[in-house]
Amino acid sequence: MIVLDSYEALKEYIENCKKLNKTIGFAPTMGALHEGHISLYQAARPENDIVISSIFVNPTQFNNQEDFEKYPNTIVQDIEKLTQSGLVDALYLPKEKDLYPNGTKSNHYELGEIETLMEGKFRPGHFQGVATVVEVLFSQVQPDNAYFGEKDYQQVAVIRKLVELKNLSIAIHSVPTMREENGLAMSSRNLRLSEKRKKDAVLIYETLNEIRHWSKTMRVSEIENRVKEIFSKHPDFELEYFVIADDKTLRTATEILPNLSYRAFLVAHLEGVRLIDNMKIA
């Protein structure tokens, strides 16, 4: 695996790939890599000639400065993990000036309704920052295929919208959420949890599983009350939001109708760490 530590180095590498008509698969990350990230490259490897990773903690997508400052930095371990996987041909490590040559600020995109729902509602400006950095990375890496995890399901929808808005010839692939043995969704933020809290955090997964069963017989309002009741009994958790939404539009559902697909989204804070998960329920 080659490490490209500047846009100039990446540009030369991509030019050589294009000259050889190599197809490029790309999965951008913010580091603190885990098996969920590796699964993106496992998906990309058989479908592309070249697989590229990037690591950059993007400041414009954080609406909480403390959250940005506390985001884990494990670059040495990350490089080792990618190298040992044998799945990645090149790792791009851009500096801030490589991605934001005119100052660290977000562009504005007409993302529509999706930006006002769930993560967009609770993290204003977040998706503008995501779209900004992803557009720049796409323009620099020039992938044919890009891979993102379903743990950040709404983010995948935003990126699909970005590709549509900018008329980009990039296929967006979503990869199922990877979980720990106890069901906890793998996340870089889990590094900030103590071992005890990692065990406690499985409550989120267990609740989503319950919701999947409840959705077969209960009304949405009843399920919402059950979820609030569960978290009220666990005061160490702070429930930020719980939503059942249409799987495609992500609009909040007030009832579960036959022949439509739905997904439950749940965000809670534990030990000062924001944990996000979702599950297809119908």
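**View 1. Leu266 and its bridge partner.** Leu266 has Asp277 of β9 as its bridge partner. Strand β8, residues 262-270, runs antiparallel to β9 and is joined to that strand by eight bridges. Strands pair if DSSP finds at least two bridges between them; strands (E, at least two residues) and helices (H or I, at least four) are DSSP runs numbered from the N terminus. The model is predicted: local features need pLDDT of at least 70, side-chain atom pairs count only at pLDDT 80 or more, and totals for chains, interfaces and linings use all residues. Residues are numbered from 1 along each chain as its sequence is written, and side-chain values use heavy atoms, with hydrogens and water left out.

**View 2. The open sheet β7-β8-β9.** Three strands make up this antiparallel sheet. From one strand to the next, the twist averages 15° (axes are lines fitted to C-alpha atoms, for helices over the stretch in contact; angles run from 0 to 180 degrees between N-to-C directions).

**View 3. Helices across the sheet.** Helix α10 (residues 202-214) lies across β7, β8 and β9, at about 25° to β9. Helix α11 (residues 220-232) lies across β7 and β8, at about 160° to β7. Contact means heavy atoms within 4.5 Å.
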